[in-house]
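Hello,

Here is the structure for you to look over. My notes on what turned up in it follow below.

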Amino acid sequence: MRFFEFLGKYYILMTKVFSKPEKIKIYRKRILFEVEALGFNSIGIAAIISIFMGAVVTLQMSINLESPFIPQVLIGYATREVMIMEFSSTVVALILAGKVGSNIASEIGTMRITEQIDALEIMGVNSAGYLILPKIIATVLFFPFLTILSIGIGCAGGYFVAMFTGIMNPDTYIDGLKMDFKPFSITYSLIKTAVFAAIITSISGFYGYYAKGNSLEVGKASTKAVVVSSITILIFNLIITQLILIG
Amino acid sequence: MIRTENLVKSFNDRIVLNNITTVFEQGKTNLIIGQSGSGKTVLLKSLVGLHPIDSGSIYYDDVCFSDLNFKDLKRIRKDIGMIFQGGALLDSSTVEDNVKLPLDLFTNQTEEEKLERVNFCLNRVELLNANQRYPAEISGGMVKRVAIARAIVLNPKYLFCDEPNSGLDPVTSCVIDNLIKEITQEYQITTIINTHDMNSVMEIGDKIVYIHKGNKWWEGSNDDILRSDNKELNEFVFASAMAKRAKLATL
Ligand SMILES: Nc1ncnc2c1ncn2[C@@H]1O[C@H](COP(=O)(O)OP(=O)(O)OP(=O)(O)O)[C@@H](O)[C@H]1O
Ligand SMILES: [Mg+2]
């Protein structure tokens, strides 16, 4: 029951978010602002987790695949595939749900309880559109770059492991990275990221926008935003994979 | 002029405003007073359409505000300025950008024209050299001034203030009160102010509506208040020693 109430309210909010903006120029400025706030500022965390993840995947693969029947070149190949297919889209999105989602929900939630949203409404501004739409657009456009970056850095992480631990030959690792490369898997990964970005921003925006009460409630709203967007990401990961790769 | 007729507002079956019928006049500072929780903020927010009302009507001059469709509502919003209890400035924008926002949204002025208007309004509220500061970096009294500047930047016909001087020292309160009164008279605005400050009542109460437990209990001017024998109103008034003395002297 609560689920359907959520869906209804979410749908109503989204129709407000996507209704025609009053002035495109202002939105353009806000989108650029959000690209910096939500996008640029996430480069660091995406880079750090990617390099460690690439490194550990390579390490795991080389330990577990130590067999004369499995060619070492598969290690680079596997690292690349893991990064592209799941890590750089889904796992990075989960991390960003934590960082960006809580940021959005607490920012908008605070604006709600300090009457800043009422102030916008009084001015005749579509507050939902004004606050949430630029964030959705900024993240949907920018997060795919984070994914590309993450794939690159993850593969580099594996290379460093190969180079510094001597567990395998770095050249073989590079050969593996290049092996049997299908450009479509990048497309698949980027589609997922774009969808996940929309999920994170819209759900977090939703919880912030409907926050009420005091700072405690804003804290709860931001926790909920992270939990619900993370679960939604995992569900959509399954759905999209089914649709694109199998269906 | 703003008029309400039998305005009723409830939350989850609990009636918060019961049959409010009153008139707020143009060019005057109209005060809504009452104890904490009596329904002042709900009344103010109902008047501006932030709370949908259950029944009754609200008139802005000759326009029935409560019947307006979305588009007309938007048009009339440009004539409304509101000062919120906490100021409600956008935290992520500078003072200047906060005041400029309504101009950005609703006018086609050039950047210079907009800045000129912003500076005029900031001057009007005597706030100088704070243009580039953020709301977190200015004092409570300054926040209120910026909020007033933002509320008047589009030359509103109707101005709403929710406890404009709460949290301010007596001197600053007085300055803010008088500023609002001056602006009201200067531009012939219909101003409605929520307050429980008896100082403001005596200073600027051209017309006062006393709300008691969601009912309009009494109305009149600040002179009338001294002569009223309404029991609940008197209890409210007597809570302020200064007002009590003034009242006893009159009787
Ligand atoms: N959004 C809401 N949902 C449910 N009840 C509400 C809501 N807003 C206000 N109320 C209730 O309406 C009543 C009147 O509240 P209101 O905020 O108007 O009081 P007030 O006169 O402005 O008090 P104060 O002087 O403390 O600001 C209170 O009992 C409050 O609990
Ligand atoms: Mg109040």
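**Cavities**

The largest cavity has 15 lining residues, and those nearest its centre are Met123(A), Ile80(B), Gly81(B), Arg150(B) and Ala151(B). Elements giving two or more residues to this lining are H5 of chain A, plus E6, H3 and helix H5 (140–152) of chain B. E6(B) gives the most, with three residues. The volume of the largest cavity is about 130 Å³. By class, its lining has eleven nonpolar residues, one polar and three charged.

Some ground rules. This is a predicted model: local features need pLDDT of at least 70, side-chain atom pairs count only at pLDDT 80 or more, and totals for chains, interfaces and linings use all residues. Residues are numbered from 1 along each chain as its sequence is written, chains are lettered from A and ligands numbered from 1 in the order in which they are written, and side-chain values use heavy atoms, with hydrogens and water left out.

Now the terms. The search runs on a 1 Å grid over the protein atoms alone; a cavity is a set of points where a 1.4 Å probe fits but cannot get out, a pocket is an open set with protein on both sides within 12 Å along at least five of seven lines, and lining residues have an atom within 4 Å of a point. Grid points are joined across faces, edges and corners, and a volume is the space filled by probe spheres set on the points. Helices (H or I, at least four residues) and strands (E, at least two) are DSSP runs, numbered from the N terminus. Nonpolar means Ala, Val, Leu, Ile, Met, Phe, Trp, Tyr, Cys and Pro; charged means Asp, Glu, Lys and Arg; the others, Gly among them, are polar.

The whole structure holds two cavities of 30 Å³ or more.

Of its 23 lining residues, Arg2(A), Phe6(A), Phe206(A), Tyr207(A) and Lys224(A) are closest to the centre. H1, helix H8 (183–209) and helix H9 (215–246) of chain A each give two or more residues to this lining. H9(A) gives the most, with eight. By class, the lining has 14 nonpolar, two polar and seven charged residues.

**The interface**

Two salt bridges cross the interface (a side-chain nitrogen of Lys or Arg within 4 Å of a carboxyl oxygen of Asp or Glu). One of them joins the side chains of Glu115(A) and Lys45(B), at 2.9 Å, N to O.

Best wishes
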